[in-house]
Amino acid sequence: MEEQTEHKYLPNYLEYRGKYKGLAGWLTTTDHKRIGLLYFYSMMVFFLAGVVMGILMKLELISPGEQIMGAQVYNGLFTLHGLTMIFLFVIPGVAAVYGNFFLPILIGAKDVSFPRLNLMSWYLYIIGAIVVLTSQFMGDGPPDTGWTFYAPYSLKTQTNVVAAVTGAFILGFSSILTGLNFIVTMHRLRAPGMGWLRMPLFAWALYGTGWIQLLATPIVGITFLMVIAERLLGIGFFDPAIGGDPILYQHLFWIYSHPAVYIMILPAMGAITEIIPTFARKTIFGYTAIVISSMAIAFVGYFVWGHHMFTSGMSSTSRWVFSLLTFLVAIPSAIKVFNWTATLYKGSINIKTPFLWAICFIFVFMIGGFSGLVLGSLATDIHVHDTAFVVAHFHYIVFGGTGFAFFAALHYWYPKMFAKVYNPKIANLGLFIFFVGFNLLYFPMFYLGMIGMPRRYYDYLPMFHNANILSTIGSWIMATGLLIVIINLVRARRGTGKEVNDPWDGKTLEWTIASPPIVENFEEIPVVDHGPYEY
Amino acid sequence: MYSGASNFVSATDTAFVVVIGISVIFLVGITLTMLWFVYRYNKKRNPVATQIHGSNTLEVVWTVIPTILVLVMFFYGWAGYSPMRNAPENAMKIRANARMWSWLFEYENGIKTDTLYVPLDKAVALDLISLDVIHSLYIPAFRVKEDMVPGKTNKMWFIAQKAGNYELFCTEYCGLSHSYMFTEVKVLPQPEFDVWYARMADTTLQKEAAKIPGVRGRQIVQTNGCLACHSADGSKLIGPTFKGIYGHTVVVNTDGREREIVVDDEYITRSIYEPDSDVVKGYTKGMMISYKQQLNDADIAEIIEYLKTLK
Ligand code: HEM
Ligand SMILES: [Cu+2]
Ligand SMILES: [Cu+2]
């Protein structure tokens, strides 16, 4: 029979015309790839806005005294910056963009299990974002609590906390539904022959992440509802003046927000785990160890939240127990680093932009992780807790980790997503400048914390001046690098297309299909008979 | 590092050295290994990769060794920290009060200061009290920090081992002037401290001083933290300056209506007891708390005397 071998023309996901055309087509799409891009574009907008806020803050901190804004504006700015970066950028992060785009492809599926729910997650994300942003313009002014909304300050401040908290509450649902969708997809839709231990490690990372999203997010949802109830109805959950307990708030907040750190970082580690073998031209070292470490991180990550509260007045016993557990959760991350490094051994390394991003990722992520050990150890945490040291630490982990991985993944999968090729020289130059700026921006903050500069500081004593100048200069250099990287990618997107189905000679399923992928990814569902990285 | 300013410095700094030392060795080691691999197994030098799926021995090695090392780090952290939890019985007790955005230290003999005075080489135990939101008392040189949580009394203790002045910060974000909420710790050798302690408590001296108009008022304003928000030199802080305020005409907002009012005794009293009833134009309502609990009419009379001196 002729018709089975005959190739009919299948439209790719970018040009496909469904019921609606143009923008409406995008806004009603249930294609996981388009939804991935919806997340991508909206997240880039928020990310860049957050970067501008960060740079303005650094400008304010270039010298003691008032430079460009007053204290109230600054306090509102770091709150909005934190909210934007955490809830609108890194929590959806790598999972919402590349997870949506590539998870079904990597496991040989046509889409996620619940495509409509997937679109709804994006809408919840946008609605949540809008509600968070209205807090800036409505009510009694931008919230000034920091992204942590610590009680009782968040209950006493006159600013519009309710809107911000409501927005975060809605964003939580978006995250829960994405997690649920991914878990079910991996259980139900793996291609024939793709056993659990043949899944690419990015998929495994998303699996661990999905469970955290599903189980941890409801806790912060309830907590935020309690804050709203307390503010609007005066129910005394957290304010001691009306019978509440502020420490309870911190427990509830961190029971979610510590695992949330792993929501941010696990998919990032997963993306790096895809990139390393491809460019080492070599199978991943210790597949099972990486799977186990992902699941161990997801599991142990639930039990360490107390390390954010070593100075809060918890019992002495809980302090040392949380410290011990925190050290244990460091092990699986270390195992990953060792396995990545070992993968390079006797490889045949093809140094390309995504690989360089991945190497830089490992470096900054290690600094973030090691500084985390300083914060997990009791005596040292007492000294640097709530200082600039912590600010440096979490930027190294969240920005250095998730942010670098986000760009590594973007450079890795860009040709697949858009069937376009970017200029590698400019991309590498941008990365280099970005990397230098990043370290100049954040490294001095470790020092500042060690000599005692508290965080969330609008103004500071002259003894902190020098390191702050360096840091501010770093922010300019980093912004320059970022600009080069982004302009390069935008120019490539506008440029002419290329036939690039498998530019890196990758082995996972996404490289076996057309670029850009057709609407349902595969003309025929593949049958898998080997592991993911067989070179 | 190892300045020895308090009894906790050396154990804490040892923990820093252990944790950071091990970390730096690993950071440098792994980074160099990685770079070496990238160089040695470059596509040009090594055109064909050797496929290695893993090694259980190695996985065990690099699980067990880091586990031991982190347990060592845990131990040093814990060892440096656990003495911080147990203040000796005979420690000198001071009540440290925090409120937006100033400090007040109360000593056993009843004196109150906005700067923390402590004797050298003597254990000092602080009761940490917050009157409004969460603050955190941090003395970097001493390596001590503990939150001040409303409704709860946390504890802190230390022995200052070097005379001198040290910064004391609030490290828990507490609103608008969080970054201005700092003061000093003054460590005095015991004899000097005793002199200071006795002088402050000496009521006849106080009475002598109080005869000069405004002196007593200035002390009240200082110890109650008014100067965190009101300057005495004309500059604008969170609240209007005290300079020239008495007898001056201000525009205030009373229940949504603007009106002009001359600053007199009655207005000042009302401003202190019910700050939200007349809100000065250009300033935020709700910033200043009511001082009904802390001050009485006699105190306010002294404050007024003081305000009169600020021409
Ligand atoms: C150009 C890039 C950035 C700059 C210049 C920057 C700078 C800053 C500064 C100055 C602060 C305030 C620190 C303090 O109050 O002591 C801050 C806080 C914060 N930043 Fe960034 N940042 C940048 C990117 C990011 C990214 C990418 C993330 C997350 C992925 C992030 C997450 C946060 C968070 C969570 C806070 C804490 C906010 C709070 O205290 O409530 N930042 N950042
Ligand atoms: Cu945590
Ligand atoms: Cu504070």
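**A walk from ligand 1 to the copper site**

Let's start at ligand 1: among the 25 residues around it, the nearest are A:His81, A:Trp147, A:His395, A:Tyr442 and A:Arg456, where a residue belongs if one of its heavy atoms lies within 4 Å. This is a predicted model, in which local features need pLDDT of at least 70 and side-chain atom pairs count only at pLDDT 80 or more, while totals for chains, interfaces and linings use all residues. Side-chain values use heavy atoms, leaving out hydrogens and water; residues are numbered from 1 along each chain as its sequence is written, with chains lettered from A and ligands numbered from 1 in the order in which they are written.

Some contacts here are polar (pairs of N or O atoms within 3.5 Å). A polar side-chain atom of A:His81 sits 2.8 Å from a nitrogen atom of ligand 1, and a side-chain N or O atom of A:Arg456 is 2.7 Å from an oxygen atom of ligand 1. Helices H2 (32-60), H3 (71-90), H14 and H15 (424-450) of chain A each give two or more residues to this shell; helices are DSSP runs of H or I, at least four residues, numbered from the N terminus.

Now follow H14(A). Of its 31 residues, 30 are buried, so the rest of the structure largely encloses it; buried means under 20% relative accessible area, with a 1.4 Å probe and protein chains only.

Finally, visit the copper ion, ligand 2. Its protein donors are A:His258 (ND1), A:His307 (NE2) and A:His308 (NE2), 1.6 to 2.2 Å away; donors are N, O and S atoms within 2.8 Å of the metal (3.2 Å for Na, K and Ca), and sites may look incomplete without water. A:His307 counts as buried because its relative accessibility is 14%.

Notes. Buried < 20%, exposed > 50% of the residue type's maximum accessible area, 1.4 Å probe, protein only. Polar contact = N/O pair within 3.5 Å; in protein donor to acceptor, adjacent residues only side chain to side chain.
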